[in-house]
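Look over the sequence and the model below.

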Amino acid sequence: MTNLIEVENLYKGFKTFKRREGVLGAIKDLFVREYQTVKAVDHITFHIEPGEMVGYIGPNGAGKSTTIKMLTGILVPSSGHLRVQGIVPFLNRKKHTKRIGVVFGQRTQLWWDIAVIESFKLLKEIYEVPQAEYEFRLGVFNEILDLKQYFHIPVRKLSLGERMRCDLAASLLHNPPLLFLDEPTIGLDVVAKGRVREFLKEINRVYKTTVLLTTHDLSDIEELSQRVMIIDHGKLLFDGPLAELKMRLARFNQIKFFLKDRDQTARIKELRGEGVTCERLDDFTYLLRYDRRKHSSGDIIRNIVTRLEVRDLVVEEESIEEIVKRIYTEGQAYLNPATTEGSELPR
């Protein structure tokens with residue numbers, strides 16, 4: 001299968017002015033300036049096939065937005081190979097932009113002071129969408145996102161969630177094979193997030209639209225993406241199935257248990273030990289977390305029921321948020337067990 005996106009050894013560096021401290025430093029800067037190069041994207045390689053929904057995550061300043069800007073043709077790479085649908089984006093931006101959709105969570109592509117439907121009509125003309133196709137797609141989008149109620153309202157009067165739904169429809173009116181999403185659910189409430197996610201899953205299912213999603217909301221990744229790429233300090237730390245990431249790196253499991261009565265609380269401290277912590281959630285509920293490399297679930301459960309009288313207990317896996325947080329903190333050492341002294345990742 002031909003890759004929709006091909007990225008090989010992609011690098012983007014920015015030359016920045018390094019200011020000296022103090023008044024004397026400012027005077028020196030007037031005559032002799034020092035510069036440094038910031039590696040925003042540091043020689044990364046990945047390929048994305050048609051129909052994939054890929055989560056692209058990392059902390060602030062990791063290089064996510066810079067990558068997206070190069071893929072959309074806004075920025076020119078410093079070096080490396082980059083093709084999107086067979087096109088080098090920055091060399092043929094007009095043709096490229098007609099074959100992609102882009103949604104940025106805090107920016108709109110709709111015209112601020114005119115009604116939503118008028119923005120849609122303008123985009124129809126810009127992308128040269130035939131009338132019949134335009135009406136059909138708008139009908140499909142309206143059915144999933146319930147847009148009709150906003151058609152005659154100026155964009156500036158919409159809430160963030162309402163505008164985001166309209167922006168998603170606008171980005172897909174010309175039926176692009178590839179959609180870039182940058183924080184599409186930022187600031188949205190639970191109901192609005194649900195609508196956006198369902199829409200994206202349906203578009204991917206019906207039209208096989210390829211989606212590259214950057215977000216800080218890891219529930220978006222779990223809901224939408226089977227594959228995840230993690231970037232930090234410009235380097236690609238992980239690229240693979242989300243299930244594999246969780247299986248390899250879920251270092252901790254947790255058990256939530258419910259005490260029979262308050263008399264049991266005095267013995268809670270007996271459960272703590274190396275690789276085991278216990279957190280109080282309320283008078284009768286506790287959350288015990290344990291390092292599954294050092295303790296088995298069976299041993300931990302036996303220890304709980306031997307020492308305490310409990311009404312119930314539930315075994316839970318470590319959340320994807322905790323896994324990713326630790327990757328950001330420990331970086332490559334956490335992902336590669338060979339570089340971590342005395343540790344081995346569970347498989």
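A residue is called buried when its relative accessible area is under 20%, exposed when it is over 50%, and partly exposed in between (1.4 Å probe, protein chains only). E223 is partly exposed, because its relative accessible area is 40%.

This is a predicted model: local features need pLDDT of at least 70, side-chain atom pairs count only at pLDDT 80 or more, and totals for chains, interfaces and linings use all residues. Residues are numbered from 1 along each chain as its sequence is written, and side-chain values use heavy atoms, with hydrogens and water left out.

**The whole chain**

The chain has 347 residues, and 45% of them are buried. It holds 12 helices and 13 strands. Both kinds of element are DSSP runs, numbered from the N terminus: helices are H or I with at least four residues, strands are E with at least two. Along the principal axes, the C-alpha atoms fill a box of roughly 70 × 60 × 50 Å.

Contact means heavy atoms within 4.5 Å. Take the contacts between residues at least 6 apart in sequence: 70% of them join residues at least 24 apart. P154 gives a local example. This residue is found in the loop between helix 5 (131-145) and helix 6 (160-172). Neighbours within four places in sequence aside, P154 is in contact with W112, D113, I114 and A115. P241 is 87 residues from P154 along the chain, and their C-alpha atoms are separated by 41 Å.

**Charges and salt bridges**

Lys and Arg count as positive, Asp and Glu as negative; His and the chain ends are not counted. Each charge is placed at NZ of Lys, CZ of Arg, CG of Asp or CD of Glu. The chain has 53 positive and 49 negative charges, and their mean positions are 5 Å apart.

A salt bridge is a side-chain nitrogen of Lys or Arg within 4 Å of a carboxyl oxygen of Asp or Glu. By this rule there are 21 salt bridges. Three of them are listed here.

| Pair | Closest N to O |
|---|---|
| R163 and D167 | 3.0 Å |
| E223 and K201 | 3.4 Å |

R163 and D167 both lie in helix 6, 4 residues apart, about one turn of the helix. Are these two residues buried or exposed? R163 counts as buried because its relative accessibility is 8%. D167 is buried too, with a relative accessible area of 1%.

R197 lies in helix 7 (residues 190-207) and D220 in helix 8 (residues 218-224), so the pair ties together parts that are 23 residues apart in sequence. Both R197 and D220 are buried. They also belong to a network of salt bridges that links K193, R197, D217 and D220.

E223 forms a salt bridge with K201. This pair links distant parts of the chain: E223 is in helix 8 and K201 in helix 7, 22 residues apart. K201 is partly exposed, with a relative accessible area of 27%.

**The surface**

Accessible areas come from the Shrake-Rupley method with a 1.4 Å probe; for residues, only the protein chains shown count as cover. The chain exposes about 18,000 Å², and carbon and sulfur atoms supply 50% of it.

Patches are made of residues with over 30% relative accessible area and no salt bridge: like charges are joined within 9 Å, nonpolar side chains (Val, Leu, Ile, Met, Phe, Trp, Tyr) within 5 Å. Which residues make the nonpolar surface patch of about 590 Å²? They are V23, I27, L30, F31 and V32. V23 is found in helix 1 (residues 22-31). V23 counts as exposed, because its relative accessibility is 67%.
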